[in-house]
Amino acid sequence: GRVELLSTATYKVTSTIHLSPTNGILNGLALSPDGSTAYVADALNNLLLVANLQTQTQQASIAVGKSPSPVVVSPDGSEAWVATLAGLEIVDTATGQVSAVALPGEPSAIVFAP
């Protein structure tokens, strides 16, 4: 239930952001284009956790479908796309509103073309 921030110069943990709930299974992570926000998929609790890396605090906990992972942020930072067992869920990063897209099977990867 945490995100560790590491120094690329020293390869050491510089700070820890504790996430709630603490019992989660965190298995997907994406950063906003400006690097200020982390979006973390919690597969156990079916949540997308949002952490502000500058203030080192959790900003939100957004309910998504079962077993979310992976997660990717759109190039403009306006959406976080999350694959779940039900398909694809698109989260508006400004409002936290979730829209679902049904897909066959279980998506295992998401990418945006340049």
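**Sheets, cores and one valine**

Modeller: Four strands, in the order β3-β4-β5-β6, form an open sheet with antiparallel pairing. The model is predicted: local features need pLDDT of at least 70, side-chain atom pairs count only at pLDDT 80 or more, and totals for chains, interfaces and linings use all residues. Residues are numbered from 1 along each chain as its sequence is written, and side-chain values use heavy atoms, with hydrogens and water left out.

Colleague: Which strands stand at the edges of that sheet?

Modeller: β3 (26-31) and β6 (57-63). Each has a single partner strand, so one side of each is left without a neighbour in the sheet. From one strand to the next, the twist averages 20 degrees. That angle is taken between N-to-C directions on a scale from 0 to 180 degrees, with axes as lines fitted to C-alpha atoms.

Colleague: What do you call a strand, and when do two of them pair?

Modeller: A strand is a DSSP run of E, at least two residues, numbered from the N terminus. Two strands pair if DSSP finds at least two bridges between them.

Colleague: How many bridges join β3 to β4?

Modeller: Five, and the two run antiparallel. β4 covers residues 37-42. One of the pairs is Ala30 with Tyr39 in β4.

Colleague: What about the order β7-β8-β9-β10?

Modeller: Those four strands form an open sheet, with antiparallel pairing. β7 (71-73) and β10 (98-102) are at its edges, each with a single partner strand, so one side of each lacks a neighbour in the sheet. Six bridges join β8 (residues 79-84) to β9 (residues 87-92). Glu79 has Asp92 in β9 as its bridge partner.

Colleague: Switching topic. Which residues make up the largest nonpolar core?

Modeller: There are 11 residues in all, including Ala30, Tyr39, Leu48, Val71 and Val82. A nonpolar core here is a set of buried Ala, Val, Leu, Ile, Met, Phe, Trp, Tyr and Cys residues joined through side-chain atoms within 4.5 Å. β5 (47-52), β7 and β8 each supply at least two residues of this core. Another core, of 10 residues, lies apart from it, with Val3, Leu19, Leu47 and Ala51 among them.

Colleague: Is Val82 buried or exposed?

Modeller: Buried, because its relative accessibility is 0%. The cut-off for buried is under 20% relative accessible area, with a 1.4 Å probe and protein chains only. Val82 is in strand β8.

Colleague: Which residues does Val82 touch?

Modeller: Not counting residues up to four places away in sequence, its contacts include Leu48, Pro68, Val71, Leu88 and Ile110. Contact means heavy atoms within 4.5 Å.

Colleague: And how far apart are Val82 and Leu5?

Modeller: They are 77 residues apart in sequence and 22 Å apart in space, C-alpha to C-alpha.

How values were computed
Buried means under 20% relative accessible area, exposed over 50%, partly exposed in between (1.4 Å probe, protein chains only).
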